[in-house]
Amino acid sequence: MYKPLLIPLLCILLSGGCHERGHSPAAHNSDTLTAEVIPKDVLTDLDTAMISLRATRSVALIDVLGQVWKVDDADRPHWNELFWDSSENVRRYPELALFKDFSLTENARYNIKMGDWQLSKEKKELQIHFSDGTRKTYSVRQIALKQMMLDCDRGLDRVSLTLSADALVHKQPMEDPFHPANNQWRIKPRAPETEEQVRTRLKGYVHFYSLFFHDNRLRQSKDISFSGLPACLVWYNGGIGMPEKKELDDRWVGCFYSEEQAMKGYEILAAILEKHDLKWPEHPTSWIKQIYEVLDQIYDKL
């Protein structure tokens, strides 16, 4: 159930959002929202904040590598291990986000790890150093603008992966939601935090999702997947709400030192929504744009 005290806010938001276009409000419980209201001009014109590698005559190998790579396939012996979480009985979506500043985020949706990377052209190796001190080395078998094939040795075992990218990158790497700088809020603190530190963590959370919605719009995504991402806000096609405390996402709670501090963060966000002083953008061209503009307002109030 969703908090009744937030219903008036949702009604206001939905009246200015996609509801007028004949779309029913749909929460992200299915882990996917359909981006149906992006205008045609956005579908044909790439935003200046993004770079299309396909439109560049000559692309350096480092720039080709510096993309968000989704693992599409793996050799048969390792498919279940990589793509299926048997403990939770859900599918994983492994990714490798490499950035041209040589930072990286691995598996942002499940078991997130961050660090840096480098390429050894002589050895044809992608070398990764995670912030927890562990390392990983991939042999690069093949690389193109939109596809990469990697091998990784694990003792006597060897994993083969096929990855894909869309050949679209942000001009500024830190504008990508999966850049490590935008995911520090997900690192569980080792000690209790002050209220100000909890607010800083919340600001990181809200900023991440603002970038996430913006990124999906810039990439002209048809569907927006929330699978594996921690959240305590609920997204609608034209609105934002909050679940009851007992229905909070365990992954979001796990971003805080304790459940008590997670509840404190929840209450801080709820108080902002309860004031009903967020201005929902009028005459929207996209409900996605509406959401990240409202998220920016929430960020400024934290």
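## Helix packing and positive phi angles

In this predicted model, H5 and H7 are roughly perpendicular to each other, because an angle from 65 to 115 degrees counts as such. Helix H5, residues 195-218, packs against H7 at about 65°, and the two axes lie 10 Å apart. Their crossing is right-handed. On the H5 side, the contact is formed by Glu-195, Val-198, Arg-199, Leu-202, Tyr-205 and Val-206, and on the H7 side by Gln-261, Lys-264, Gly-265, Ile-268 and Leu-269. These contact residues comprise 6 nonpolar, 2 polar and 3 charged.

Helix H7 spans residues 259-274, 16 residues in total, and extends 22 Å from its first C-alpha to its last, close to the 22 Å expected at 1.5 Å a residue. The buried residues of H7 include Gln-261, Gly-265, Ile-268 and Leu-269; Met-263, Tyr-266 and Ile-272 are also among them.

| Residue | Phi |
|---|---|
| Asn-111 | about 55° |
| Gln-220 | about 60° |
| His-276 | about 60° |

Asn-111, which is not a glycine, belongs to the loop between strand S7 (103-106) and strand S8 (113-120). With a relative accessible area of 56%, Asn-111 is exposed. Gln-220, likewise not a glycine, lies in the loop between H5 and strand S14 (223-225). The relative accessibility of Gln-220 is 21%, so this residue counts as partly exposed.

Technical notes
Residues are numbered from 1 along each chain as its sequence is written. This is a predicted model: local features need pLDDT of at least 70, side-chain atom pairs count only at pLDDT 80 or more; totals for chains, interfaces and linings use all residues. Side-chain values use heavy atoms; hydrogens and water are left out. Helices (H or I, at least four residues) and strands (E, at least two) are DSSP runs, numbered from the N terminus. The expected span of a helix is 1.5 Å times one less than its number of residues. Buried means under 20% relative accessible area, exposed over 50%, partly exposed in between (1.4 Å probe, protein chains only). Axes are lines fitted to C-alpha atoms, for helices over the stretch in contact, and angles run from 0 to 180 degrees between N-to-C directions. Angles under 35 degrees count as roughly parallel, over 145 as roughly antiparallel, 65 to 115 as roughly perpendicular and the rest as oblique. A crossing is left-handed if the near helix is turned anticlockwise from the far one by less than a right angle, and right-handed if clockwise. Contact means heavy atoms within 4.5 Å. Ala, Val, Leu, Ile, Met, Phe, Trp, Tyr, Cys and Pro count as nonpolar, Asp, Glu, Lys and Arg as charged, and the others, Gly among them, as polar.
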